[in-house]
Amino acid sequence: MNLKRKWLTRSRREALDCYIFMSPAIIGLVIFMLGPMAASAYFSFTKYDILGAPAWIGLDNYKALIKDPLTWQSFKVTLIYSAASVPLGLVVSLLLALLLNRSIKGIFLFRTIFYLPAVMSGVAVALLWKWIFNPDFGLMNWALGLIGIHGPKWFIDEHWALPPIIIMSLWGVGGSMLVYLAGLQGIPTDLYEAGEIDGAGAFRRFLHITIPMLSPVIFFNLITGIIGALQVFTEGFIMTAGGPNNATLFSVLYLYRNAFDYLQMGYASAIAWVLFLLILLFTLIIFKSSPMWVFYEGSRRSSK
């Protein structure tokens, strides 16, 4: 009894409690994340149709992927979508945050209204936007008609299939807006007062105080935005099914088709790993470039 008490010291008991509380998260990570990732890595080197046992074929899936024009088309569409939607989302969410960072009556109601769309996503929202951009009776072409513009054939003309999905990406800017808003409220007001005393106008204060102080928040929103954009799926699956003429064939949609329509699980796993490496590459580039444009007040002090 005394030996047990001696072994179970206070620090060991705290460590044991820590591991007990962490165990559900660790078990979930292993079962639902690391386990499927390891299985996917193995399947990417096999020919596997779910119905039979996987057969090892080495790098054949990756060689077929390089020669497959639809794979390149899917990555092209995904990259165009990401290059357009991520900067657009960053700018619009920042403008909304600046607009809502005011001390006026009822501001909390306005913040809630602008944030609300971010919690509504998925199939219902995709169907709503498909109706808005319907070429025959959609709200968008009706509004364009009011100012004398004949609306394009959204989702029917391959040149006008991707722009509505990019515009639709603005539906979820409420989450980024909220993070910007928290960042704006953390900027010390004395910096703005010092700027005013020095004669800086509103634009110069925004450029030389707000943007540098918000750069860690911009960095966070940029990383999460790119990761989310490169994994877009629902819009292409529900609104266009990848058409017309593969103009909205996103990488994850093509992966899904190979896995569950064509039962080529090994080939789909190879696409998944290439997409993962692409996301990892962009993330590393942004992390590597961050010391040049992200301002951390604590690091600046410690470097002096």
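These legends describe close-up views of a predicted model.

**View 1. The largest nonpolar core.**
This core holds 61 residues. Y81, W129, Y180, L214 and F250 touch the most other members. Helix 3 (60-67), helix 4 (69-100), helix 6 (123-132) and helix 8 (162-168) each supply at least two residues. So do helix 9 (174-185), helix 11 (202-229), helix 13 (251-261) and helix 14 (265-293).

**View 2. F250 and its contacts.**
F250 is among the core residues that touch the most other members. Which residues does F250 touch, not counting those up to four places away in sequence? They are S74, V77, T78, Y81, L162, I165, V232 and G236. One of these, Y81, is also listed with F250 among the core members with the most contacts.

**View 3. The two sides of helix 3.**
The buried residues of helix 3 are N61, Y62 and L65. The face turned away from the buried side carries the exposed residues I66 and K67.

**View 4. N61, a buried residue of helix 3.**
N61 lies in helix 3. Is N61 buried or exposed? Its relative accessibility is 8%, so N61 counts as buried; the cut-off for buried is under 20%. V30 lies elsewhere: N61 and V30 are 31 residues apart in sequence and 26 Å apart in space, C-alpha to C-alpha.

**View 5. The largest pocket.**
This pocket has a volume of about 820 Å³. Its lining is made of 25 residues. M37, S40, L255, A272 and F276 lie nearest the centre. Helix 2, helix 13 and helix 14 are the elements that give two or more residues to the lining. Which helix gives the largest share? Helix 14 does, with 10 residues. By class, the lining divides into 21 nonpolar, 4 polar and no charged residues.

**View 6. The second largest pocket.**
What is the volume of the second largest pocket? It is about 660 Å³. This pocket is lined by 29 residues. Y81, S169, G172, V173 and E235 lie nearest its centre. Y81 also belongs to the largest nonpolar core. Helix 4, helix 5 (107-119), helix 6, helix 11 and helix 12 (234-240) each supply at least two lining residues. The largest share, 6 residues, comes from helix 4. The lining has 14 nonpolar, 14 polar and 1 charged residues.

**View 7. G186 in its loop.**
G186 is found in the loop between helix 9 and helix 10 (189-197). Its relative accessible area is 55%, so G186 is exposed; the cut-off for exposed is over 50%. How far apart are G186 and M213 in space? Their C-alpha atoms are 8.8 Å apart, while the two residues are 27 apart in sequence.

**View 8. The loop between helix 12 and helix 13.**
This loop holds both P244 and N246. A cis peptide bond joins G243 and P244, with omega about -5°. N246 has a phi near 60°, a positive value in a residue other than glycine. Most residues other than glycine have a negative phi, and most peptide bonds are trans. With a relative accessible area of 24%, N246 is partly exposed.

**View 9. I50, with a positive phi.**
Where is I50 found? I50 sits in the loop between strand 1 and strand 2 (55-56). Its phi is near 70°, a positive value in a residue other than glycine. I50 counts as partly exposed, at 38% relative accessibility.

Conventions
Residues numbered from 1 in each chain as written. Predicted model: local features only at pLDDT ≥ 70, side-chain atom pairs only at ≥ 80, totals over all residues. Heavy atoms only, no water. Core = buried A, V, L, I, M, F, W, Y, C linked by side-chain atoms within 4.5 Å. Buried < 20%, exposed > 50% of the residue type's maximum accessible area, 1.4 Å probe, protein only. Helix = DSSP H or I, 4+ residues; strand = E, 2+ residues; numbered from the N terminus. Contact = heavy atoms within 4.5 Å. 1 Å grid on protein atoms, 1.4 Å probe; cavity = no way out; pocket = protein on both sides within 12 Å on 5 of 7 lines; lining within 4 Å. Points joined across faces, edges and corners; volume = space filled by probe spheres on them. Nonpolar A, V, L, I, M, F, W, Y, C, P; charged D, E, K, R; others polar.
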